[in-house]
Amino acid sequence: MKTRWIAILMGVSLVVAAASAYSEVFVYPAKGQSQDQQGKDEYECSKWAKSQSGVDPSAPAEQPYVGQHAGGTARGAARGAAGGAAIGAIAGDAGKGAAIGAVAGGVRGRRGSMAQQQAAGQEERNAYDRAFMVCLEARGYTDK
């Protein structure tokens, strides 16, 4: 069971890493800046964007630990067990229905909690990207 959760967490980590790679910003030197100047400007704007947003996209992503989503899992399991017990009672075995519902609800609750964490990480990255582009646009670069 523990190995299964670790595998799920590893899979989610890969998805998060792939998603962050797609948020890369492309910059065009609209005023004929040299490659050296563009590199210098991007470096300085990256430092500024980190200070403004509090986000360092070059830092390794935080890996969630197994117990981090326990609240979402427990709430989902409780809701699932209640619903499963009701359905199981109609079918004649409330205990079996509750057990099935608890497992399904726990997985759903865990997924919801992880999705919220991923959305928050993407919002942070977007804040960095916006700050980065504000700085570069002020220096005569464009993005589209």
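**View 1. The residue that follows helix 2 in this predicted model.**

**View 2. The length of helix 2.** Helix 2 holds 19 residues, 35–53. Its end C-alpha atoms are 26 Å apart, which agrees with the 27 Å that these residues should span at 1.5 Å a residue.

View 3. Which residues of helix 2 are buried? They are Gln38, Asp41, Cys45, Ser46 and Ala49.

**View 4. The largest nonpolar core.** This core has 11 residues: Val27, Cys45, Ala49, Val55, Tyr128, Ala131, Phe132, Met133, Cys135, Leu136 and Tyr141. Helix 2 and helix 4 (94–138) are the elements that give two or more residues to the core. The largest share, 6 residues, comes from helix 4.

**View 5. The surroundings of Tyr141.** Neighbours within four places in sequence are left aside here. Tyr141 is then in contact with Val27, Tyr28, Pro29, Ala30, Gln33, Gln37, Gln38, Asp41 and Leu136. Among these, Gln38 and Asp41 are buried residues of helix 2, while Val27 and Leu136 belong with Tyr141 to the largest nonpolar core.

**View 6. The chain as a whole.** The chain has 4 helices and 2 strands, in the order α-β-α-α-α-β from the N terminus on. Of its 144 residues, 28% are buried.

How values were computed
Residues are numbered from 1 along each chain as its sequence is written. This is a predicted model: local features need pLDDT of at least 70, side-chain atom pairs count only at pLDDT 80 or more; totals for chains, interfaces and linings use all residues. Side-chain values use heavy atoms; hydrogens and water are left out. The expected span of a helix is 1.5 Å times one less than its number of residues. Buried means under 20% relative accessible area, exposed over 50%, partly exposed in between (1.4 Å probe, protein chains only). A nonpolar core is a set of buried Ala, Val, Leu, Ile, Met, Phe, Trp, Tyr and Cys residues joined through side-chain atoms within 4.5 Å. Contact means heavy atoms within 4.5 Å.
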